[in-house]
Amino acid sequence: MRGFLASSIASSIGVACAAALALPLPPPAAAATATARHAPGGARTAQVVAGSQLPGSTQSLPLAPIATLAPLTRNRALTSVSAPEMGLTREDVAHFSMVGVIWDDPATELHGRVQVRTRATGNGAWSRWQNLQTHNDDGADPGSAERTSGRVRGSTAPLWVGDSDGVEVRVRAEGDRRTGQSTRAVPAASALPSGLRLELVDPGGETSTRGAALAVPYSGPTDTAQTAALKTQNTESEASLAASAANADLVPLGATVIPALSRTATVRELLALRGSKLTAKQRAKPYIGPRPRIITRRGWGADEKLREKGFVYTKKVKAAFVHHTATGNGYRCSQAASVIRGIYRYHVRSMGWRDIGYNFLVDKCGNIYEGRAGGAAKAVRGAHTLGFNNNSMGIAVLGGFGSHKPPAAVLKAIARLTAWKLGLYGANPRGKTYLKSGGGNLYRKGKNVRLNVISGHRDGYATDCPGGQLYRKLGTARSTAARYQGR
């Protein structure tokens with residue numbers, strides 16, 4: 001696997017733009033009341049986060065043997081079986097909206113069941129018990145710098161619970177462990193992983209709104225009007241500047257949204273971005289879908305101080321892996337930015353990754369969000385499909401789709417995004433490709449594996465992700481993406 005650690009400013013931005021990076025970046029856009037108007041295909045536009053942001057926080061609480069606790073109530077389903085159990089009951093925690101459980105060793109599986117219930121801040125009502133997905137199948141490839149950093153921990157998937165100020169959690173070992181399509185037997189008294197901790201994540205939120213984002217017509221990295229506008233703005237961190245600059249070949253610095261383009265304009269952009277890497281045939285008849293609207297990291301309120309500096313790239317994007325986040329379907333699309341901020345904080349602060357794992361995220365209304373920093377059009381290496389992060393991208397749909405059917409807007413968003421991003425690298429959404437495994441539970445390290453160009457997470461790793469209901473619809477996404485490319 002060859003990834004290239006770039007400087008915090010992508011080289012393709014150009015010398016003139018690099019000079020502009022020394023200038024202050026504009027503040028976030030005013031809470032663009034992205035009026036919830038209907039977009040094509042029934043999707044509703046997402047609200048773009050703006051104004052100064054509460055930074056968010058993570059409360060990390062160690063679990064204790066359940067026999068030592070005095071829980072609010074006893075849940076017979078959790079305590080009637082003789083097995084190792086850990087838990088926690090707290091009614092005095094600061095506000096949080098997302099929960100998860102972590103442990104010391106990322107190579108250790110949690111063979112058991114994790115359930116939580118939370119107390120709503122507004123009315124003080126306790127929720128029903130909810131299951132956390134205990135096997136978090138995303139992650140950096142074995143042997144990669146991100147995986148071997150010494151900071152990575154084992155974890156459940158996080159769960160979005162809404163604004164809460166009380167929590168109760170129970171972790172119980174069980175004898176059977178289901179992974180993907182198979183069930184593996186483990187000892188009934190299997191020990192729980194060491195270092196179990198409950199993570200309570202507050203994603204932060206708006207505290208005020210300020211002036212609009214940079215509203216200067218963009219004609220390229222050397223635009224003098226853009227440079228002049230930058231001089232009048234407040235200084236932001238180098239990390240914020242770098243994340244924004246990584247998209248400077250698409251939009252102005254400080255943009256909260258990468259706007260949609262027509263197919264004609266997208267073809268012009270393709271030739272400008274990658275013309276030298278295209279064959280004469282590809283230049284004469286490029287297959288690429290119109291660029292979709294993408295909310296940038298700045299648009300969803302990413303705290304760039306959380307992630308590691310710099311970006312890691314691979315050579316190309318040959319395939320897209322579709323995921324679901326297993327964070328629950330109970331969010332409103334106006335809350336999607338908060339959910340993503342929660343996932344980002346959980347991936348970095350709780351799980352120990354360098355940045356959010358997915359390259360892109362999609363909410364249930366079909367809004368598309370930039371994920372891992374480094375540039376929406378670039379081949380950024382993610383941590384989404386353990387063993388196959390090289391030369392691929394990961395698209396995660398917010399929610400779970402084991403029993404829930406994905407909305408039509410989600411499938412359209414996946415098709416539009418893949419038609420554009422795969423088209424930048426000459427990949428056919430209906431085709432097959434080979435990726436070399438970095439090691440996992442399906443394919444040994446070094447094996448060349450033939451995969452669909454648009455695959456589900458389960459195609460590269462033994463897991464239920466992206467859920468049976470979404471997985472069954474990937475054929476529709478492939479054919480629609482190919483049609484958008486003009487094939």
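These legends accompany several close-up views of a predicted model. Local features need pLDDT of at least 70 and side-chain atom pairs count only at pLDDT 80 or more, while totals for chains, interfaces and linings use all residues. Residues are numbered from 1 along each chain as its sequence is written, and side-chain values use heavy atoms, with hydrogens and water left out.

View 1. Let us start with the seven strands that form an open sheet of mixed pairing, in the order S13-S14-S18-S17-S19-S16-S22. Strands are DSSP runs of E of at least two residues, and helices are runs of H or I of at least four, numbered from the N terminus; two strands pair if DSSP finds at least two bridges between them. Strand S13 (257-258) and strand S22 (454-456) stand at the edges with a single partner strand each, so one side of each is left without a neighbour in the sheet. Further in, strand S14 (residues 294-295) pairs with S18 in the parallel sense over two bridges, and here you will find Ile 295 opposite Tyr 369 in S18.

View 2. (Rings of Phe, Tyr and Trp, the last by its six-membered ring, pair if their centres lie within 6.5 Å; planes under 30 degrees apart count as stacked, over 60 as edge-to-face and the rest as tilted.) Trp 300 belongs to helix H7 (residues 297-300) and Tyr 344 to helix H8 (residues 336-350), 44 residues apart. Both Trp 300 and Tyr 344 are buried, meaning under 20% relative accessible area with a 1.4 Å probe, protein chains only.

**View 3. Phe 321 and Phe 388, a tilted pair.** Their centres are 6.2 Å apart, with 40 degrees between the planes. Phe 321 lies in strand S16 (residues 319-324), whereas Phe 388 is in the loop between strand S18 (368-370) and strand S19 (392-397). Phe 321 counts as buried because its relative accessibility is 1%; for Phe 388 the value is 2%, so Phe 388 is buried too. Together with Tyr 443, Phe 321 and Phe 388 form one aromatic cluster.

**View 4. Arg 478 without a salt bridge.** Look in helix H11 (residues 474-484) for Arg 478. Arg 478 is buried yet has no salt bridge, and the nearest side chain of opposite charge, Asp 459, is 4.8 Å away. (A salt bridge is a side-chain nitrogen of Lys or Arg within 4 Å of a carboxyl oxygen of Asp or Glu; Lys and Arg count as positive and Asp and Glu as negative, with His and the chain ends not counted.)

Definitions and conventions:
Buried means under 20% relative accessible area, exposed over 50%, partly exposed in between (1.4 Å probe, protein chains only).
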